[in-house]
Structures are given as structure tokens and as C-alpha cells.
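Please find below some notes on the model, as numbered points.

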Amino acid sequence: MLDKYQEQGQLLEPYLEIIISPLMDIVRSRAVELGTASNEITEVIQPICIIIYSLVTVCGYKSIIRFFPHQVSDLELAVSLLEKCHATNSDTSLRQESTGAMETKCVILLWLSILVLIPFDLSSVDTSMASSDYTGKDEPPPLVGRILEICKNYLSNAGPMRSIAGLLLSRLLTRPDMSKAFTSFIDWAHETLSSVEDSVIDHFRLLGVVEALAAIFKGRNKILGENISLNETRNFEQLNNPVDTNTCDTSQEMNCLEEEDLDVPDVLEDIIELLLSGLRDTDTVVRWSAAKGIGRVASRLTYSLADEILSSVLELFSPSEGDGSWHGGCLALGELARRGLLLPISFPKVVPVIIKALHYDIRRGPHSVGSHVRDAAAYVCWAFGRAYNHRDMKNVLEQVAPHLLTVACYDREVNCRRAAAAAFQENVGRQGNFSHGIDIVNTADYFALSSRANSYLSVAVFIAQYDGYLRPFVDELLHNKICHWEKGLRELASTALSLLVKFEPEYFANVILDKLVPCTLSSDLCMRHGATLATGEVVLALHKHSYALPTDKQKTVAGIVPAIEKARLYRGKGGEIMRSAVSRFIECISIAKISLTEKIKRSLLDTLNENLKHPSSNIQNVAVEALKHYIPTYFVMMENKGVNDIMSRYLEQLSDPNVAARRGSALALGVLPLELLSRGWKSVITKLCRSCKIEDNPDDRDAEARVNAVRGLVSVCETLSEAGEDGIALFPLIKNEVMGSLFIALEDYSTDNRGDIGSWVREAAMDGLERCTYILCNRDSLNKEKSSSLQLEKGDNSGDDHFSSYFEASLAKNLVGGIVKQAVEKMDKLRELAARILQRLLHNKTIFVPHIPHREILEHIVPNEAELLWGVQTFSYPRFVQLLKVSCYSKYVVSGLVISIGGLQESLRKASLSALLDYLQDKITEGHNKYKEPSLSLDILWILQKYRRCDRVIVPTLKTIEILFSRKLLLNMEDETPVFCVGVLDSLTVELRGTKDFSKLNAGIAILGYIASISDPISIRAFSHLLTFLAHRYPKIRKYAAEQVYLVLLENENLISADKLNEATETITETCWEGDVEEAKKRRLLLYKIANVETAATVNATKKESGKAVDQNQASADEIASYSLLVGSAGF
């Protein structure tokens, strides 16, 4: 239970006292009652200690031990309790299998760590001294000796007891009355460190001793500082204070001279060298510890020696050093600055290094390293703001501030952006030397910088308006970001660069463009890709801010793409990236209306056409966006020759064998301007409608091409309708041809190795149906207004509408029904999209969609609320199932619902089935209940007839029927039950003939069993059909059919006379139906005789089965070669 608070331990802190205090009181009281020598005491306190230790792992020991009891009398009790637990060996220390022994020891050690701080001499509370021969000269009190022995043993432990034992030793041995124990422990530690052997225990003991010594020395500063005079300590404290040391009076110079006479032990040089080498270590924790050590040692040295350490640290920032050395050096500088040991006279040497570290980023293969260095450099800047006076930091901040904000806005890593912003905020708050500093801090806050896009496109633009920040931002983007190794960052950087154009358009036009254009032909892929994008974005931004490029600049920009193609930069690695960049560049110069020669116009059009035929959908989409602006700018407006060839070329490519050409041409037709479409829009719509349908040749089928055809078709209709192009012919074509093609696309359930690829077409079709509906309804609205105006002019007040509506009731029914069907099928994405579209159609306030049948019921089921969770199965199905009571929509709902109920996804099956059962068993609508099952049965029969031999629908439908039969539904409908059963049996006769689908056979056999079990003459036909599967070629089917026959005989006594029932059941149970098929056939004939099935029926069934096998062998010659069918026939 406590594990979920691991990352937010502070949430428990207000309640720790009421949790810890009672638990520790129980531990203390039970230890007093039972005695520490009792074996029962450990069993009692171990479960309690497990809880306490769990809180320690979540909240930390410092928050927990505050609530431990700390009476003086508890010291000996705790020591005895620890000795008792120490004598008990635990089987394991794994947390999930722990018996509580390890947790108990840890808790008692923590308890002792607070008890040893009592303000009395420990010898005065040690009752064992009276009965021992303790002299008190050269050894600690017996109680202390017991603690030391146990702690020494735990220092070799591999678990958390090692660290807690070190904590206890540090608090015990730093007491003023423990000098003898301290000396004794130091001697033991020296002996242990000197005699380490190559064993696992010795390695852990070495770690424990070093950890304990570190904790002891950290808490025993007075002992470590005995060799330093009070005068020298006072001088060092003066160095630590953040004061201006640029000037030094005579007395300070004398102090500095006296410091030179300080005797420094030789071993200190080895220690410093070890710490400096630790700054280069490969592990971050080692570098951080070494930096801490450098800071502590330097605080004890003279200025000259500390300056030598600083020089050694600065050597780590050599270009030849790795990122680990740079990181360790930044950490060391941060520690020196935080302690005030980095004197202002050293700033000229340090600040340039920190600025380099703020931008440290080294490319290594497909990525780069350096984020930890930049983060540490920001830490140094943060330490500057906390440790120094604003007078000393004035010049430093003028240099560092632009770089800090550059990192805060443009760094790739969010932790670096936040670290730089925190450093800037610290300096603004403590130094106060920044103009507009508060405004910048309020904008570049922790949350604003969490999004990279927001940092680049919003925060940076806001900061760039202030003096001193624009040029550094531009330089960072130009030199480091548009050539970055990450493609997405280069694209973002080019957009960010364009947003800065508004501040100095002249500078960008005359300087930045001159730098970018040569980089478009760079040998480095990242550089030329980013430069191409940035050039296009800058040109577009200059156009948006009404800056006209000179003719020579326009000529230079116009020659970029021909130069790229001449250098053949589309080939090889990065060719696809450059194609997308060039398409975006063409789009930008088209919007900016850059002057082009006729030759370049043709060349750029050919480039876009080549990109339209590229297999990559991303390249095609970018090329289409470019084409959308390029043709109106350079071909239509200028009345260019050969415009007619453009549309004819795209129409020809709709039937191209190359699927990529078909995809691109369909999208291209959708973005053509009205001036081109008006010359042949009928042929465009007709061919796009044809392209929306599944191709006749299986080799030519491509779902992406059909998706693009649907999108292009709808876009063409919108373009033509907005211009009012030939409404008399256009809108009937949209009503009949376009809507018909979209309804056909809504039935696209194509699949391949990627899954249900037809869902892409259905998704596009639903969007297209919505948009075309608005087109027709809008046209009806205009026609109605015109008709009303004519009636008023003629004085006709009859109120009758004298115009024909394009959006009729039948069209509305098919539209809503098709969308509702998608809203109850198996794909979450499509269900949510369908519900959203239906919601917009019903509640659109701009364009009213008329003639929707049962609109009130639909509006109740799909209300106009934005936060409805249509993608959640348990929310959407219960709502849409209510449409089963509406006859015009019930078939659509059932046809989609059976796909979900009979599907493979368990959660979807449960949600959809539960919704259907709740609807059928609902007692609220009592008057309608008797019609629910008959209506459902008719809809199911309609599905079985419409989707005959279509396993995609038939198999889940049969599974749905089986599930409903198992719930005793559809079998008790009085007169309707025989009709339904006859329809199902007729369908099973067709569907089960020659099928190899095991799931289909199993569902069909189960249905036959249920029908054969009812008391109706139709059961004889079902039983006869069921017996035919006893001789099926698949052993598993024979066995399953035999099981169903056995169950039928037990439930329906009317099929076989009572005197032959035992013989029939014995025949079924004693026959090995998975054995020889010939034997199974003999047994089946015997059952025919026992059941008194007519010979003609038997012969007929035998003939049908034989004919079925022959037809199956002839029709499935090619299918047998299919690996998937072979696997399916094996029963998998």
C-alpha cells in the first residue's frame, strides 16, 4: 500500500506521528513485558518493524526517527533487543520474501542512532559497569563496546544495515565523551583497510568502513580542525564570505603572506590529485563526490593553493577531454562558486569556459552527448547568483545572461531548459541587474519550458523583443540548431527562425539569407536540409511582414532548387529528407510570389510531380501542400500555357499501375484551383468516384490510393460548390454519384498483413459523407431562400416549397445508418469518430441537416456535450443499442454489433454483449419487450442473407447467435421461433458446406445443437443436419459434433424413442470419433437407423456431402497452396 507513495513521500509526512508513535510504543512496551531474552519478542515486533521500515524507504529515515521514543532508560533496552535480533539469523533479505529480520535490525539501529544522543555520559547510564571489572582507562564502557561490536559486524553487510550502522557509529563516536572509542575505532578501521583480501565479504566491509569514516568525519569537524589555528580559520572564513576581493588593504596582504607559511602535509597533494582524477570518472556519482571533496578541501587551503586547484580544474575543459571531464569540471566549479572560493579575480578565466559548457554538444553517430554538461554549467551559473555580490557579478551577468536564455529556450533537453531558466531566475532575484528580468522570468517558467515547441515558438519570441537577445538567439539557431542531427529539431528551428524575422527584417534579408543559401548545397545532409527549410521559412516570413526582396535576392532564391537537383542531392542517403524540404521550400516561395523564369517554373512543377509519385506518404503530403499554392501562383494567375496538360496528366495517373502515382494524383486533383477544375470537372468527379471503389484486379488493390481518392473527391466537390459551379449539373452528381461512392467506401473491409486496412477508407468516407452532406444542405438552404423570394414576388402565400431537395429523407437514413454501424463496430478509433460526426450532424448550428428520421431519439442518445467518452466501450454501446427499437436503424446497428460480439477481443465482446443483453432484458419498456427479440431475429436473418458466404460477417454472426441461444434468447418467441430457426438452418446449409474455418464450423454445430434441443418439428431437421458432421473429415469436428449430439439426446426426448435412447447414447460415448473416418461413417449410419431418419434423407445427405467434397476439391485447388489455410485446417 505504501509503495504508491514512493515518488511523493511528502504526502505522508503530516500523518507520520500518528502512525509511528503508536507502533514504536508497542515495540517498547512488548520488549519490556516479554524481556529481550524471550524468543517470542522477535515474532511480535517483526511485523511492526516491516511497516516502519516501509515508511523509512518512502519518507527517509530523518523524517521517521523524530517520532521514536528517546528516554534514557530505552538505551540499554534497545541494545539488548539488537543483540537478540543479531543472534537470530534470517533466511533471506529479499523484500518480497522477508520474514522481518532485516527490517527489525534496521529499525532498532535507527532507534539507537537517536538514543545515543542523550545529553549524559554514557558510562552513567550503563548498569553493567557495576558487575564488571571495567577500569575506565583505555577502553570504552561495556555498553558502548557492545554497540561497536555489532556495528562493526554490520559494516560488512550488503544490505541497508551497512549504511544505518555507519550512521549510528557517526553519532556515537562524535560525542565528546567518546574520544577513547573514537581512537579505538580508527585503529580498527586502519587495520581493516590495510588487510583487505580479495573476497566478497572484505569488499563489502571495505565499503562499510569507508562509508562509516565519511559519516564520522563529516560530523566531527572540531577534531579534524585541531591542527588549524584560530587565526587561520578566521582568515578562511573571510574568504568564504561573498565580499569584493578585487581590492586588498595592507592588513589583508599581511594575512595573505601569513597564509603562505601554512604547512601543508604531503599527503594532501595525493588526496587532491585523487579528487581531480575522480572528476574524470565515468560514473556521475563519483564525479559529484569528487567535486564535493574539491570544495571541502579548497575551503581549508590558502588562496594560492586554492588557485592552483582552480587551474587544475580548468584544465579539464580542454577540447581533447571527454564529456565526463567537462561535466566533472562544471560540478567542481559549481562547488567552488557555491562556497565563495571562486574569487572574482578569477572570473575572466572561468566565465568563457562556462559559456562553452552551456553550449557543449558533441555528435556521436546518430545522436549527441552533452546534456549533462549543459545542466552542470547551468548549476555553476546558479551558484554564481547565490554566492557573490551584485557589483562583482555585473559584468559576468552581461556575458552569461544571453547564453542562459538561449539554452532555456532552444536546448533539446527539457532538464537543461529548466536548469538554465532556474539559474537565470536565481540571478534575477538575487542580483537585480537585468532589465525586464521579472517579465522574462514570468514567461520562461518551469511549465512553459516543458514543451519544446512552446519554448521555440512562443517563449523565445517573447524574449527576443528585448534588447540584447535577438542576435544570440539567431546565432544559436543558425549555427547549432538548423544543422542539428535530429530532423524534427531542424524543422522546428527553421520555423523558430522565421518567427524572429519581424524584429529585424533588414538583417535577415541582407545577412541571414546570404549565410543560408550557400549551406543548401553543403555536403552535410543535416546542414543542407536545415538550410533549405530555413531559407524558405525566412523568405515567407519576409513576405508576411511586407518586406520585398530585391531582384538579385529573388534570383538567388529561385536558383536554389535547380542547384540542388544539379548536384543530384536527391540520391543516396537523405534523398527523401531533401525531397520533403524542397517541397516545403517551393510552397514558401509560392506564397511569397518569388519571381521565376519559365524554365524554372516547369522545373519546379516537374519536381513536385516526381514527389507526388514517391512511395512515402509524408513526401506526397508535403508535395500536395506545395502544389496547392504553386499552381494558382505561377500557372493560373499568369495564364501560363499548358495548364490543361496538368489536369489531364493527373487524370491519366489515376489508372497508373504504379500505386504511388495513383495516390499522389488523387490528392493533387483535390487541391487544383477552380480555374482548372471548371474545364473538366465532370470527368474529374467520375474518375475519382471510380477510384474510390475496390479494384477488380487483386494485384492493383491499394487502400492508401482509395483513401486519397476519397479525400480528393470531397475536396473537388467543396471547391466547385463554393464557387457555385454549374449547380444544375453539379449537385445532382454529388447527390447520386459522389454520395453513392462514399457509401460504397463505407463498406470497405479490406485486410492484409497490416490488419484492417479498409478502416482507413471507412474513416475517410465518414469524413467525406459529413462534408458532402453540408454541401447539399447548404445548397438546399439557398434554393429554399430563392424559392421563398420568388413566391413573395408572385404573391403566392401557399407555403408550399417549389424546389426539389438534394438531401432527401432516404439519403439521410442511409447516412445516419452507415455512421451508426461504424459507431458499434470493433475499432475504438472509428467508433469515437463516428459518434463525433453524428453529434455534429445532429447539433450543427451553422448548417441544419433536415429529414433525419427519429431525430429526437438520436439527439437523446447523442447529446450535444463535448466531454462524452465515445471511445470507451462501456459508455458507447449501451447508448447506441437503444436504436434497435427504431426499425430504420436496427439493421445497421445489428450488422455492426454482431462484429463486436462475435469478435476476438474479450473486453469488446463483454461490453457489447452486456449492452445487448441489458436492452433485451430491460423491464422498463414493458410494452415494447415482446417485440425486441422478434425484431432482433429478423435483423439477424437479414444479415445472414445480405452477407451470404462473407466470412467476415457470417462467422461473428453465428457466434452471436450461439451466445444468444446459450442465454435462452431467440428460442422462446412462440410463432417467430420456428421461422427464425428455419432461416438459420437454411443459412447454415450454405455456409457450412465445404468450409475449412474451424470457428465457423464450431459455431454452426453449436447452433444446430441448440435448435435440435427445442420441442418443435424443426428440431428433426437440425438433428439430421447435426448427424452429418459425425463423419466430417476433421477429427476435432467429429468429436465436437458427437458431444453436441449427446447433449441434444439428453435434452430432447422426442427425437429418439425411449427404448432406443440408451443404445444411441452408448453408440456416441463408446465410439472414438477422432479415430478412423470410415468407422465414424458406419457409426453415423447406425445412429440414422436408431433415430429413424428416413432413408431418402440419409441418401440425400450423403449425396450432398459427396457432392460437397467434389465441389470443394475442384474450387479449392489454389487455396490448398495457401499456408494460412493449411494452418487453419490443422485447427490453429
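1. Which residues in α46 meet which residues in α47? Asp951, Ile954, Leu958, Ile961 and Phe965 in α46 meet Phe980, Val984, Leu988 and Glu991 in α47, where contact means heavy atoms within 4.5 Å. The residues of this contact comprise 7 nonpolar, no polar and 2 charged.

2. This is a predicted model, in which local features need pLDDT of at least 70 and side-chain atom pairs count only at pLDDT 80 or more, while totals for chains, interfaces and linings use all residues. Residues are numbered from 1 along each chain as its sequence is written, and side-chain values use heavy atoms, with hydrogens and water left out.

3. Helix α46 spans residues 951-966 and helix α47 residues 976-991; they pack at an angle of about 140°, with axes 12 Å apart. That makes α46 oblique to α47.

4. Leaving aside neighbours within four places in sequence, the contacts of Phe473 include Pro402, Tyr410, Ile463 and Leu500.

5. Buried residues (under 20% relative accessible area, 1.4 Å probe, protein chains only) make up 50% of the 1132 residues in the chain. The chain has 54 helices (H or I, at least four residues) and 2 strands (E, at least two), taken as DSSP runs.

Technical notes: Axes fitted to C-alpha atoms, helices over the stretch in contact; angles between N-to-C directions. Parallel < 35°, antiparallel > 145°, perpendicular 65-115°, else oblique. Nonpolar A, V, L, I, M, F, W, Y, C, P; charged D, E, K, R; others polar.
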